[in-house]
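Please consult the sequence and the model while reading.

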Amino acid sequence: MAAEPGADGRHLPQPALIDAYGNGGFRFAGMSHRGSLLCLPDGVWAWPVADAGELSTAAFELAFARGDALDVFLIGAGRDPWPIPERLRARFNALSISVDAMSTGAAVRTYNILLAENRRVGAGLIAVD
């Protein structure tokens with residue numbers, strides 16, 4: 001996996017609705033981003049995860065560090081369903097964060113609804129073509 005999200009300091013320092021996804025990236029806040037995203041209550045970061053096989057506890061450290069600001073975390077695992085490993089689910093549960101995995105499209109739609117409702121939501125969204 002590449003460097004930790006935000007390691008270079010570049011990110012959008014606020015949450016944002018996702019306007020579109022596909023073609024290997026996302027559009028949000030009037031910008032276009034190629035690659036995956038980590039969306040948290042305090043911002044949106046490039047996320048160096050290309051497929052569900054890279055999803056481990058290390059991939060979510062930035063989310064865990066903000067656990068006190070999250071109630072729900074969505075994992076957009078690409079095009080196919082992805083079962084959350086028990087060890088990862090337990091880490092979210094230990095922080096009292098409800099976690100669910102689904103396709104990236106479903107995660108984007110759910111994230112947008114929860115964010116519009118001012119819910120304490122985060123998402124890890126794997127880019128799809």
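Q: In what order do the strands of the open sheet of 5 strands run?
A: This is a predicted model, in which local features need pLDDT of at least 70, side-chain atom pairs count only at pLDDT 80 or more, and totals for chains, interfaces and linings use all residues. Residues are numbered from 1 along each chain as its sequence is written, and side-chain values use heavy atoms, with hydrogens and water left out. Strands (E, at least two residues) and helices (H or I, at least four) are DSSP runs numbered from the N terminus, and two strands pair if DSSP finds at least two bridges between them. The pairing in this open sheet is mixed, and the order is 5-4-8-6-7.

Q: Which residue of strand 7 is the bridge partner of I75?
A: Strand 6 (residues 72-76) pairs with strand 7 in the parallel sense, over 5 bridges. Within strand 7, the bridge partner of I75 is A101.

Q: At about what angle does helix 3 run to strand 6?
A: Helix 3 (residues 104-116) lies across strand 4 (36-40), strand 6, strand 7 and strand 8 (121-125). Axes are lines fitted to C-alpha atoms, for helices over the stretch in contact (heavy atoms within 4.5 Å), and angles run from 0 to 180 degrees between N-to-C directions. The angle of helix 3 to strand 6 is about 155 degrees.

Q: Which residues of helix 3 are buried?
A: Buried means under 20% relative accessible area, with a 1.4 Å probe and protein chains only. The buried residues of helix 3 pack against strands that include strand 1 (18-22) and strand 2 (25-28). They are T104, G105, A107, V108, Y111, N112, L114 and L115.

Q: Which members of the largest nonpolar core touch the most other members?
A: A nonpolar core is a set of buried Ala, Val, Leu, Ile, Met, Phe, Trp, Tyr and Cys residues joined through side-chain atoms within 4.5 Å. The largest one has 24 residues, and those touching the most other members are L55, F60, F73, I75 and W82.

Q: Which element gives the most to this core?
A: The elements giving two or more residues include strand 4, strand 5 and helix 2 (86-94). The most, 3 residues, come from helix 1.

Q: What percentage of the residues in the protein chain is buried?
A: The protein chain contains 3 helices and 8 strands. Of its 129 residues, the buried share is 48%.

Key. Buried means under 20% relative accessible area, exposed over 50%, partly exposed in between (1.4 Å probe, protein chains only).
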